Amino acid sequence: MQNFNAIDFETANSYRSSVCSVGVVIVRNGKIVKQIYELIQPEPNYYNYHNIMVHGLTQDDTDQSPVFPKVWKKIEPYLENYPLVAHNKPFDESCLKACFKTYGMTYPDYEFYCTLSASRKKLKDKLPNCQLQTVSAYFGYDLTQHHHALADAEACAIIAIKLLD
């Protein structure tokens with residue numbers, strides 16, 4: 001796959017609609033051509049301790065941020081009807097769908113691929129696990145900022161370029 005959009009969400013709490021950041025990496029002809037990172041005011045707008053410990057974002061970081069529809073309006077033109085790719089597609093796809101539903105937006109049935117699933121199929125005998133940091137390291141990407149939405153989306157893009165052909 002040479003043309004796709006890698007995506008990663010971080011959430012503020014246990015609600016999938018509570019996305020507080022998004023990273024999108026645009027890949028065209030097998031090369032990263034654009035990276036987008038946005039903070040988002042989550043819905044519902046509160047943070048669980050566990051989520052803060054995972055990604056480090058707090059309500060202070062996003063209180064002045066736009067809500068999801070405004071952020072998505074900026075991102076959507078770059079997607080160009082190419083598929084979305086995520087490492088653990090069920091999570092990121094469910095976040096996207098939950099945000100569309102929460103804000104009464106029509107979900108356009110994005111085509112989604114999963115690098116976690118592809119990693120499990122193609123690398124299970126080569127790696128101790130198929131977590132994002134493990135697989136990205138296998139392909140030479142240093143994921144020192146794990147759980148930063150843009151770093152995770154970039155790692156996913158690198159994995160997808162290598163695995164989803």
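**Exercise 1.** In this predicted model, find which residues touch the most other members of the largest nonpolar core, and work out which element supplies the largest share of that core.

*Solution.* Begin with the membership: the largest nonpolar core holds 26 residues, and within it F4 and V25 touch the most other members. Next, turn to the elements, where β1 (4–11), β2 (19–28), α5 (115–123), α6 (132–138) and α7 (149–163) each supply at least two residues of this core. The largest share, ten residues, comes from α7. Then look at V25 itself, which, once neighbours within four places in sequence are left aside, is in contact with residues including F4, I32, L150, A153 and A157. Finally, another core of 23 residues lies apart from the largest one, and among its members are I36, V71, W72 and Y107.

**Exercise 2.** Decide whether E38 is buried or exposed, and identify the residue whose side chain joins that of E38 in a polar contact.

*Solution.* First place E38, which is found in strand β3 (residues 31–39). Its relative accessible area is 17%, and because buried means under 20%, E38 counts as buried. The side chains of E38 and K74 are joined by a polar contact of 3.0 Å. Not counting residues up to four places away in sequence, E38 also touches C20, S21, V22 and V71.

**Exercise 3.** Locate N88 and determine how it is classed by accessibility.

*Solution.* N88 sits in the loop between β4 (84–86) and α4 (89–102). With a relative accessibility of 31%, N88 counts as partly exposed. Beyond its neighbours within four places in sequence, N88 is in contact with C114 and L116.

Methods. Residues are numbered from 1 along each chain as its sequence is written. This is a predicted model: local features need pLDDT of at least 70, side-chain atom pairs count only at pLDDT 80 or more; totals for chains, interfaces and linings use all residues. Side-chain values use heavy atoms; hydrogens and water are left out. Helices (H or I, at least four residues) and strands (E, at least two) are DSSP runs, numbered from the N terminus. Buried means under 20% relative accessible area, exposed over 50%, partly exposed in between (1.4 Å probe, protein chains only). Contact means heavy atoms within 4.5 Å. A polar contact is a pair of N or O atoms within 3.5 Å; within protein, one must be able to donate a hydrogen and the other to accept it, and residues adjacent in sequence count only if both atoms are side-chain atoms. A nonpolar core is a set of buried Ala, Val, Leu, Ile, Met, Phe, Trp, Tyr and Cys residues joined through side-chain atoms within 4.5 Å.
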